[in-house]
Amino acid sequence: MLAKAVKGLSAEDLWRIERIATPEISPCGRKAVFSVTRYDMNSNVGRSNLYWVDLASNKASEKPQALTSAGDRDASPQWSPNGDRIAFVAKREQSGVKDEAAQLYVIAAHGGEAKRLTQWPLGVGAFRWMPDGKRIVFISWVWPEQKTTRAQIKRHIQETKRKDSAQTTSASTYRFWDHFIPQGRVPRLMMLDISRGTISDLMAKTPWALPLADPGLQCFDLSPDGKHAVFCFDPEPEPRLDYPHALALLDLKTGKAKRITPQDGWDYSAPVFNPEGSSIACLASDLKTKHTMPARLTLLSLKSGAKPQPLMDRWDRVPQAPLRWAANGREIYFTAEDCGRCHLWRYSFSDQPESVVQGGWVQSFAISSAQTPSILVSIERADHPAQLYLHQAREPARRLDRFNDALLNRRRLGRVEAIEIKGALDQPVQVWVTYPPDFDPKKTYPLLHNIHGGPHTAAGDNFHYRWNTQVFAAQGYVVASVNYHGSSSFGYEFLDSITHRWGELELIDIEAATSWFESQPYIDPQRIVAAGGSYGGYMVAWMNAFAKADRYKAYICHAGCFDWVGMFADDAYGWHAQELGAWYWNDMQKVLRQSPHHAASAMSTPTLVIHGALDYRVPDAQGLAYYNTLKAKGVEARLLWFPDENHWILKPQNSLVWYREFFNWLTRYAPASIAPKRSTSIKAQVR
C-alpha cells in the first residue's frame, strides 16, 4: 500500500530526488549502465555513482544495481567494444593518490574494484573506446606548442608554481559560461594506450583544435575500423563562439587531418560515422543566410568530391544531438522538440521522420546494436523527474527504475495542461498551466507568470530543477508558462519572428495570457506577479517599463539582461548584432529600443533581483545596475547575490535560500492564501 500523500512538492524535495543521467546499452544488448547523482544537504555537494540494469529480465521486481560506490563523481560510463569492461570518468583517491583533475577509470562489467587508467594532470574530458578495446580517445586541454606529453606535464608543473593569478589573452574568446578558457591551452583529442599507459596527442600535427565552448562527445566520433576520427573545429585563425564550425577527418596512424566540409557558411556539428564507415551524419545550419537558421540532419559521403546532402528539407522541426545510427545503417535516431514537448524520432531516409517515443521530454536515449534495436530512454514530464523506459518491438514500454517513487508517492502534485490563446500577430500561442494541488475552481488564486529564458527555448512538459512549476504551485499559485513568439518547437517562422525587435511580440503574448487568466473566475486579478530568468529576466525588466501599469504587483528578475550596451561584457557578445540588428556603435537607437534600461523612468513595480558573480553569460553587473536603478528611483527592490554561483543556482543550500527569498517576495505582494470566490465575471480580453 502506498504511503499517504502529505503535502505538495518542496524546494527541499528537489534535492532529495535521485537524478538519472544518460544510459548506455552494452554491445550484446542485455544490460545498460548509467550514473545516478544524489545530493547531501549537510556537505552541500552532489555525489554520483554507476548503476547497471538487466534489460533481458522481465521481472517487475528487477531493480538497477549499484556498480560503484567508492567515488564521489563517477560519471559518463561507456562499455568496452566486447562488453567486458566499463570505462568512466571520476575524481577519486586511490592507492594514496588523490585526483586533482578528472581521470579515466575502468571496472569489470560484473563489478568489483575500479582501476585508475590515467594520471594525466591536465584532466580527462569526454571519451570513446577505440574499436579494438585496447585504446581510448579522450578530450583534454593542452598547450598546442608542446609536442610531447612529457613537455605538457613539465609545463603543467611550471604553471602550478605560479604565485600570481593574472589572466592575459589576445583572443576573442577567453571565457565561457562561468570559467575562463584555460590560459594558452586548447582542447584536443588524446589517445590512451591502456596496456602501456601511454598518452599521445592525436592532433599534434594539425593547426586546429576542438570548439572552445565545453567540447564533449558531440565534437568527435571514431570510424568503425578504428582508422579515422572526425571532429569539429573552428577554421578561423581566431575562434569565436558565433563562428561556423567545420568538420575534419583525422588519420589516426599518420596524424594528418583534412577538412571534409566546404567553405559554405554552414555550421557543422555532432558528426557520427555510419556502421560501414562510408559516410557521416551530422547537423548543419545555414549561418550564411541567418544566424537563427535551424540545424538540418545532413549526410556527408566520404567519397572524394561529395557534397553535404541536407535531409528532411520540408520538416519544420530541429534535430538535436546526439545522432545515433541503427545497426542496419538505414535509420538515424535523434530527439527534437515539438510544441512544448521533446520526442525521440527515427529517420529512415524517406520523406519525413516518425516519432517513436513520445514526450514529455526525452532527455537522453540509447539504442542496441540489434537489427531491430531496443530503445532505452530517459524521459521526464512536468509531474516527475527523469525515469528509464525500455522500448522493444511489439512490446509495451517497461519502466526500469523506481528511484524516486517513495518520495513522489508521498507528495501531491498539481495538474498540468497546455492551453492556447491568441497572441501577437493574431497567431496561436501555447501556455502551460500548472495548478496547485487540490485545486478548487470555486476558489480564487494568485497567478504567477514563469517566463522562460533563451529566448529560443521553450517552456515544456518537463521537470525543471531551478524553476520547478510544481514547487511554485505547491505554494498556492496558478503558474502560467507562456511559449511566447521566439520560442523553439513551433517552427522556424515563429522562432525567428522576434529577431531585431526583442521584447515587442513577447510582451503582447504575455499580456494576452494575463487577460485570458483574468477572465477565469479562479484567478484574482489583484494578485498577479511575474518571474523570469536570463531572457525571462530581461522580459520582466521590459514589463516593468512597458506592461500595463499596476497590472503586476511584483517582479522577480534572475540573471536578467538590463542594458544591451553593458551586456557587451558577456561571453557571447558576437551574437548581439545578429539578434538586435546592429552593433551599438553603428545604430545606438536601434539597440536602445530593445534595451529595458532606456525606459527606466517608467519602472515602478517592486522587484527582487537575483544574480551570481560567476555568471559570464549575463554578467552580474546587469543585475546590480537594475537593482541600483530601482533603488535610486525609490522603487521597492531587494537584491539576492551569490558570490559562488553562475547563470544557475547549483549548490543545494544556495538553492534553498533562492526559493525562500522567491516565495517571501511573492507573499509580500501577492500572498497565496486562499481568497473568497470572486463575485464578478470578467470577459476575456486577448490583445
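**Entry 1. Salt bridges**

I began with Glu24 and Arg324, whose side chains meet in a salt bridge with an N to O distance of 3.5 Å. Glu24 sits in strand β3 (residues 24-25) and Arg324 in strand β27 (residues 319-325), so the pair ties together parts that are 300 residues apart in sequence. For the record, a salt bridge here is a side-chain nitrogen of Lys or Arg within 4 Å of a carboxyl oxygen of Asp or Glu. Helices (H or I, at least four residues) and strands (E, at least two) are DSSP runs, numbered from the N terminus.

A note on the source: this is a predicted model, in which local features need pLDDT of at least 70, side-chain atom pairs count only at pLDDT 80 or more, and totals for chains, interfaces and linings use all residues. Residues are numbered from 1 along each chain as its sequence is written, and side-chain values use heavy atoms, with hydrogens and water left out.

Is Glu24 buried or exposed? Glu24 counts as buried, at 18% relative accessibility. The cut-offs are under 20% relative accessible area for buried, over 50% for exposed, and partly exposed in between (1.4 Å probe, protein chains only).

Next I looked up Lys290. Lys290 forms a salt bridge with Asp496, and their closest N and O atoms are 2.7 Å apart. Lys290 lies in the loop between β24 (279-286) and β25 (295-301), and Asp496 in helix α5 (residues 492-496), so this pair ties together parts that are 206 residues apart in sequence. Lys290 is partly exposed, with a relative accessible area of 28%. Asp496 counts as buried at 13% relative accessibility.

Then I checked Asp401. Its salt bridge is with Arg399, the closest N and O atoms being 3.3 Å apart. Asp401 is buried, at 1% relative accessibility. Arg399 is buried too, at 18%.

Which residues are linked in a network of salt bridges? I found Glu145, Arg155, Glu159, Arg162 and Asp164 linked this way. A search of the whole structure gives 35 salt bridges.

**Entry 2. A four-strand sheet**

I traced an open sheet of four strands, in the order β7-β8-β11-β12, with antiparallel pairing. β7 (75-79) and β12 (115-116) stand at the edges with a single partner strand each, so one side of each has no neighbour in the sheet. Strands count as paired if DSSP finds at least two bridges between them. Strand β11 (residues 103-108) pairs with β12 over two bridges, in the antiparallel sense. Tyr105 has Arg116 in β12 as its bridge partner.

**Entry 3. Helices α6 and α7**

At what angle do α6 and α7 pack? Helix α6 (residues 504-518) and helix α7 (residues 535-546) pack at about 80°, with their axes 10 Å apart. Axes are lines fitted to C-alpha atoms, for helices over the stretch in contact, and angles run from 0 to 180 degrees between N-to-C directions. The two helices are therefore roughly perpendicular to each other. That label covers 65 to 115 degrees; under 35 counts as roughly parallel, over 145 as roughly antiparallel and the rest as oblique.

From α6, Glu504, Glu506, Leu507 and Ile510 meet Tyr535, Met539, Trp542, Met543 and Phe546 of α7. Contact means heavy atoms within 4.5 Å. The residues of this contact divide into seven nonpolar, no polar and two charged. In this scheme Ala, Val, Leu, Ile, Met, Phe, Trp, Tyr, Cys and Pro are nonpolar, Asp, Glu, Lys and Arg are charged, and the others, Gly among them, are polar.

**Entry 4. Backbone exceptions**

Most residues other than glycine have a negative phi, and most peptide bonds are trans. I looked for exceptions.

A cis peptide bond joins Ala321 and Pro322, with omega about 5°. Pro322 lies in strand β27. Another cis peptide bond joins Gly359 and Gly360, with omega about 15°. Gly360 is in the loop between β30 (354-357) and β31 (361-367).

Ser489 is not a glycine, yet its phi is positive, near 85°. Ser489 lies in the loop between β39 (478-483) and α5. Ser489 counts as buried, at 8% relative accessibility.

His500 also has a positive phi, about 70°. His500 lies in the loop between α5 and α6, and at 35% relative accessibility counts as partly exposed.

**Entry 5. Asp234**

Last, I looked up Asp234, in the loop between β20 (228-233) and β21 (246-251). Asp234 is buried, with a relative accessible area of 9%. Leaving out residues up to four places away in sequence, Asp234 touches Ala209, Pro239, Arg240, Tyr243, Pro244 and His245.
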